[in-house]
Amino acid sequence: MKKLTLILLTLLILSGNSFAQEAPMTMARAKALVERPALNPVPSLIPDPNRVSIDTLDTSDPRIKLILCSDGTWHYTKDHDLLNDDSVYRRAWSAERANPYNVAYDDLPFRSIIWLVDSTTTFCVPYQTKVFSKFGRRRGRQHQGVDLPYPKGTPARAAFPGKVRIAKRFGGYGNLVVLRHPSGLETFYGHLSQILVEPDQWVEAGDVIGLGGSTGRSTGPHLHFETRYLGYAFDPQWLIDFETGTLRHGVFVLRRRYLTPGSTYVPESEDEEEQIYLTEEEERAEEERIARELAAARYHKIRSGDTLSTIARKYGTTVSAICKLNGISPKTTLRVGRTIRVK
Ligand SMILES: [Zn+2]
């Protein structure tokens, strides 16, 4: 045991500050803020129930402990008592309110850099499946998360380590669990048949926080999963590919515009990657450009006899431009009464 400890401590010293939260600057790009591990997805990790912690060791950072397990593996964890004093868990802590922050949209940062995983923070997909109902507008209402269908009684797992903020019956959510994570990110798990955690409890990624169900405003067993930052929901698909169960980024650059209700996940292109390097002024200009574009948007309500080409002609645009704006194909059936964007 002593010998193993010594070896591990030596390893720890040799590995240096591998858990430090500062990323090295990319020298080639003057504007770079963070190194981008974005293109290397992080696989989901379900903890092995047979792996039992046998010892806890201190590290040079008092907040970080090293846990030794019975199978000879080890991992870092954060000291929860010290973590409790972290402003992330002090600010706007409420077991009653879905959004306790009261931050006006205009006061939100243009861009927040969120460390999703590091040496102390792992990830586990809450439930791996194809997304049934997406984030965004749905039958005239806002859908603040994604719906993941699963059989009643299926374990719902914590996506990241963190602290339970809400664990109770909560209106349309039914039985709801809300977790706050070290980055300030919050995750919501709704419609559970059973809640298996209590407010203020610490959880690790992969811990079962409840069982699947259909409580609240729900038409069948599914997990309603939300991601929020400073109280504002954004499309969880920015972070997680639910079908493959992988995290898309180790570090995520959350732009303010993602926090608006209509903003849905778009697979990142090379352009998106380039935008990471925008300065704050460029980011502001980009937001203003998008706002102007939205203000100039024109819509058309489909009437009987309309085709994409007659509509395109009427508004002096093209079929392909309309398809692009609405995410439809030229072959899409135009349902009478549906509103589409034409400019
Ligand atoms: Zn839902």
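This is a predicted model: local features need pLDDT of at least 70, side-chain atom pairs count only at pLDDT 80 or more; totals for chains, interfaces and linings use all residues.

Author: Residues are numbered from 1 along each chain as its sequence is written.

Reader: What is the mean pLDDT of the chain?

Author: pLDDT is the predictor's confidence in each residue, from 0 to 100. Over residues 1-38 it stays under 50, and for these residues the model has 32 contacts beyond four places in sequence, a contact being two residues whose C-beta atoms, placed from the backbone, lie within 7 Å. In the chain, 84% of residues reach 70 or more, and the mean pLDDT is 82.

Reader: How many helices and strands does the secondary structure of the chain come to?

Author: Helices (H or I, at least four residues) and strands (E, at least two) are DSSP runs, numbered from the N terminus. On that basis the chain comes to seven helices and 22 strands.

Reader: In what order do the strands E2, E3 and E4 form their open sheet?

Author: Two strands pair if DSSP finds at least two bridges between them. Strand E2 (residues 53-58) is antiparallel to strand E3 (residues 64-69) over five bridges, and E3 is joined to strand E4 (residues 74-78) by five bridges, also antiparallel. The open sheet therefore has three strands, in the order E2-E3-E4. E2 and E4 are its edge strands, each pairing on one side only, and the twist from one strand to the next averages 30°, with axes as lines fitted to C-alpha atoms (for helices over the stretch in contact) and angles from 0 to 180 degrees between N-to-C directions.

Reader: Which residue takes a positive phi in the hairpin of E3 and E4?

Author: The hairpin from E2 to E3 passes through five residues. The hairpin of E3 and E4 has four residues between the strands, and the residue with a positive phi, near 90°, is Gly 72.

Reader: Which residues touch the most other members of the largest nonpolar core?

Author: A nonpolar core is a set of buried Ala, Val, Leu, Ile, Met, Phe, Trp, Tyr and Cys residues joined through C-beta atoms within 7 Å; a residue is buried if 20 or more other C-beta atoms lie within 10 Å of its own, exposed if 12 or fewer, and partly exposed in between, with C-beta atoms placed from the backbone. Beyond four places in sequence, the contacts of Phe 123 include Val 42, Leu 116, Phe 160 and Leu 247. Of the 48 residues in the core, those touching the most other members are Leu 116, Phe 123, Ala 158, Val 177, Tyr 189 and Phe 234.

Reader: Why does Asn 84 count as exposed?

Author: Asn 84 is placed in the loop between helix H2 (80-83) and helix H3 (87-90). Its C-alpha atom is separated by 9.7 Å from that of Asp 200, 116 residues apart along the chain. Asn 84 counts as exposed because its C-beta neighbours inside 10 Å number 12.

Reader: What number of the residues of helix H5 is buried?

Author: Helix H5 (residues 280-295) reaches 22 Å from its first C-alpha to its last, close to the expected 22 Å, which is 1.5 Å times one less than its number of residues. H5 lies largely in the open, because the number buried among its 16 residues is zero.
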